[in-house]
Amino acid sequence: MIEREELIAIGKFIKAHGLSGELVAELDVDNDVMSQLDMVVLAIDGIFVPFFITSLRPRGTVSSLLMLDGVNDDTAAAALAGQEIFILKRDYDTLVDENDADEQMPIDYFTGYTLMNANNGETVGIITDVDDTTINVLFIVERPDGSIVRVPAVDDLVEIINDDSRVISMYIPGGLLDL
């Protein structure tokens, strides 16, 4: 079973295109990355389901036309309109050139990481989601006691990111965790 922390959100299906099941996808990744993917993952009834890509046509710089295996008509495609598109983090890691210093990792990549408070070395909790609906992007963090706290996802607050141990250490402003 695919778990949320294994995924990165890379875009959204906007609408069906034509009658053969093609979908318009607005993407946050380059068409070069998309062209190398075999599959995308969609949340269907709360379960992450892989769909194999059978056709991909770039449409400008931020959108593409995709056909997915098993989506063969406009009705099936229309049912996927509005769906968030995910890929596996391991696929993203494989495809993105690690030598490209300008490549910015999607903020959603850090879902599943442990957040540490660099001020005192304590564990804040696990990043379960990212709220990027406003200009101020927030990590949604589940604390060990089950409560939820929102922490600004700001580069200036980050002390270190350890991808091997999946830990982010941040200088969290005093009092923020008490809100």
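## Exercises on a predicted model

Arg 166 is partly exposed, at a relative accessible area of 29% (buried means under 20%, exposed over 50%, partly exposed in between, with a 1.4 Å probe and protein chains only). This is a predicted model, in which local features need pLDDT of at least 70, side-chain atom pairs count only at pLDDT 80 or more, and totals for chains, interfaces and linings use all residues. Residues are numbered from 1 along each chain as its sequence is written, and side-chain values use heavy atoms, without hydrogens and water.

**Exercise 1. The partners of strand 1**

Describe how strand 1 pairs with strand 2 and with strand 6.

Step 1. Two strands pair if DSSP finds at least two bridges between them. Strand 1 (residues 7–17) and strand 6 (residues 84–88) run antiparallel and share five bridges. Leu 7 faces Leu 88 there.

Step 2. Six bridges connect strand 1 to strand 2 (residues 22–27), again antiparallel. Lys 15 lies opposite Val 24.

Step 3. Strands 1 and 2 make a hairpin with four residues between them. In the turn, Gly 18 has a positive phi of about 80 degrees.

**Exercise 2. Salt bridges**

How many salt bridges does a search of the whole structure find?

Step 1. Apply the criterion: a side-chain nitrogen of Lys or Arg within 4 Å of a carboxyl oxygen of Asp or Glu. The search returns one.

Step 2. The partners are Glu 22 and Arg 57, whose closest N and O atoms are 2.9 Å apart. Glu 22 is in strand 2 and Arg 57 in strand 4 (residues 47–58), so the link spans distant parts of the chain, 35 residues apart.

Step 3. Glu 22 is buried, at 8% relative accessibility. Arg 57 is partly exposed, at 41%.

**Exercise 3. Arg 4**

Is Arg 4 buried or exposed?

Step 1. Arg 4 precedes strand 1. Its relative accessible area is 17%, and it is buried.

Step 2. List its contacts (heavy atoms within 4.5 Å). Beyond neighbours within four places in sequence, Arg 4 touches Phe 48, Phe 86, Asp 108, Thr 111 and Asp 129.

**Exercise 4. Cores**

Which residues have the most contacts inside the largest nonpolar core?

Step 1. A nonpolar core is a set of buried Ala, Val, Leu, Ile, Met, Phe, Trp, Tyr and Cys residues joined through side-chain atoms within 4.5 Å. The largest has 40 residues. Phe 13, Met 34, Leu 68, Leu 115, Phe 139 and Val 151 have the most contacts in it.

Step 2. Apart from this core lies another of eight residues, including Leu 7 and Phe 48.

**Exercise 5. The open sheet**

Which strands stand at the edges?

Step 1. The open sheet has six strands in the order 10-9-8-7-12-11, with mixed pairing.

Step 2. Strand 10 (148–152) and strand 11 (158–162) each have a single partner strand, so one side of each lacks a neighbour in the sheet.

Definitions and conventions:
Helix = DSSP H or I, 4+ residues; strand = E, 2+ residues; numbered from the N terminus.
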